[in-house]
Every structure is written in C-alpha cells, then in structure tokens.
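These are my notebook entries on one protein model. I set down what I looked up, topic by topic, with the cut-offs that I applied.

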Amino acid sequence: MASRQNKRSAGEISAVAGALDLVDRKILSVLRQDGRLSTNDLSARVGLSPSPCWTRVKKLEASGAIDGYIALINHEAVGLPMTVFAEVTLDRHDDKVLAEFSEALLKIPEVVEAFLVSGDYDYLIKVAVAGTGHYERFLREKLYKIKGIRHSKTTFSLRAIKHSACVDPLLVVG
C-alpha cells in the first residue's frame, strides 16, 4: 500500500522470502496481475484446490508477503497527468529531522511515492500533478513549508515506459 509503512524488519522479510515455495510464488504472481480474483479462479490458475489455495493466501497475508490490496488509479483519468520527480536534500540528517520530514510527506496527497535514498540527495519523491502550475503550488504551499529543506531538484517525466506496483516473484531470482 502506498502510504503504509511496512512494520516488519528486514530480517523478518528476508525470512519470509526464503520460506516461499514455487506455489506461493505462483499465487503472488497471479495476484500481482489481478488482486480481485476469487479463490476458485486463483486456485485454478495455480493448480490447487480452493481450500489449500485460500489457506496459502491467508498465510502469505499474515507473513507480510502480501502487504495489502489496492486499486491502481490512472492519474490522467483523475486530472493528474503529469508525473514529477523531486530530489530533496535536507539541512541535517539526525533521526528527528528525518522522521519529521517523512511524516510530513505522508500527509501530502500529491506525493505518490517517497524514498529515503543514499547518494547526492536525501529523498526521491514521485509527485502527481495537473500541470506545471499545480507543481509550482505544490512546491510553494506544501513541500517548501516543511522545515529543514536545503535544496531540491526537479525532473519532469515525459512518458512512463514501465509502470508496475511490484516485481513478479516468478521472474526475479535473488
């Protein structure tokens, strides 16, 4: 889910990944494409009867392998056709400043995704807006109102080449 932060540690998530067998990965792969499938349809696609399939799905949800279910909204269809990436550098990097900045980002509706990153800047933020005027208002009225920003740099997306909410667990080998 977009604004939900995973409450599991990296070690717990790695343990879950190591415990997934091929059937679990098939279930995840099919649900990745259509999270609204009935248990009967899902079980037919992965080669299980409905009861064991349902049990596996519940275990995948409980383990955190399935983080949630969402509807992917077409931003253009709701009047937000422009995607912008903002690189933000903060003045300081103590835990309090990072936590406050992260919490502030969670409250801004135009922020679709936000990542604390390493490298030349501190945060990479993906923003959905109606146009350049909307983005300017977003900067002045929302982003720049957050204390502690030293610098930002903007990149406008011309076209999305690939859009996916997650990787296909059948195709990625770690």
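**Entry 1: the strand β1**

I began with β1: seven of its nine residues are buried, so the strand is largely enclosed by the rest of the structure. For burial I took under 20% relative accessible area as buried, over 50% as exposed and the range in between as partly exposed, with a 1.4 Å probe and protein chains only.

**Entry 2: basis of the values**

I note that the model is predicted: local features need pLDDT of at least 70, side-chain atom pairs count only at pLDDT 80 or more, and totals for chains, interfaces and linings use all residues. Residues are numbered from 1 along each chain as its sequence is written, and side-chain values use heavy atoms, with hydrogens and water left out.

**Entry 3: overall composition**

I counted six helices and four strands in the protein. Read from the N terminus, the order of elements is α-α-α-α-β-α-β-β-α-β. Of the 174 residues, 28% are buried.

**Entry 4: the sheet**

Two strands pair here if DSSP finds at least two bridges between them.

I then went through the pairs. Strand β1 covers residues 82–90 and is joined to β4 by seven bridges, the two running antiparallel. Along this pair, Ala 86 has Thr 154 of β4 as its bridge partner, and Thr 89 stands opposite His 151 in β4. Between β1 and β3 there are also seven bridges, again in the antiparallel sense. There I noted Phe 85, which stands opposite Lys 126 in β3.

The pairing of β2 with β3 (residues 123–129) is antiparallel over five bridges. In it, Phe 115 has Leu 124 of β3 as its bridge partner. The two strands β2 and β3 form a hairpin with six residues between them. In the turn, Gly 119 has a positive phi of about 115 degrees.

**Entry 5: contacts across the sequence**

I looked up several residue pairs that lie apart along the chain.

- Phe 156 is in strand β4 and is partly exposed at 38% relative accessible area. Its C-alpha is separated by 9.9 Å from that of Lys 126, 30 residues apart along the chain.
- Glu 100 is in helix α5 (residues 95–106) and counts as partly exposed at 47% relative accessibility.
- Leu 20 is in the loop between α1 (10–19) and α2 (22–33). Its relative accessible area is 18%, so Leu 20 is buried. Leu 20 and Ala 65 are 8.8 Å apart, C-alpha to C-alpha, and 45 residues apart in sequence.
- Ser 63 belongs to helix α4 (residues 50–63) and is partly exposed at 22% relative accessibility. The C-alpha atoms of Ser 63 and Ala 19 are separated by 10.0 Å, at 44 residues apart along the chain.

**Entry 6: cysteines**

How many disulfides does the structure hold? I found zero, taking a disulfide as a pair of cysteine sulfur atoms within 2.5 Å. Cys 53 is buried at a relative accessible area of 0%, whereas Cys 166 counts as partly exposed at 41%.

**Entry 7: the second largest pocket**

I recorded about 440 Å³ of space in the second largest pocket. Its lining has 17 residues, and those closest to its centre are His 75, Pro 81, Thr 83, Ala 160 and His 163. A pocket is an open set of points on a 1 Å grid over the protein atoms alone, where a 1.4 Å probe fits, with protein on both sides within 12 Å along at least five of seven lines; lining residues have an atom within 4 Å of a point. Grid points are joined across faces, edges and corners, and the volume is the space filled by probe spheres set on the points.

I sorted the lining into eight nonpolar, five polar and four charged residues. Ala, Val, Leu, Ile, Met, Phe, Trp, Tyr, Cys and Pro count as nonpolar, Asp, Glu, Lys and Arg as charged, and the others, Gly among them, as polar.
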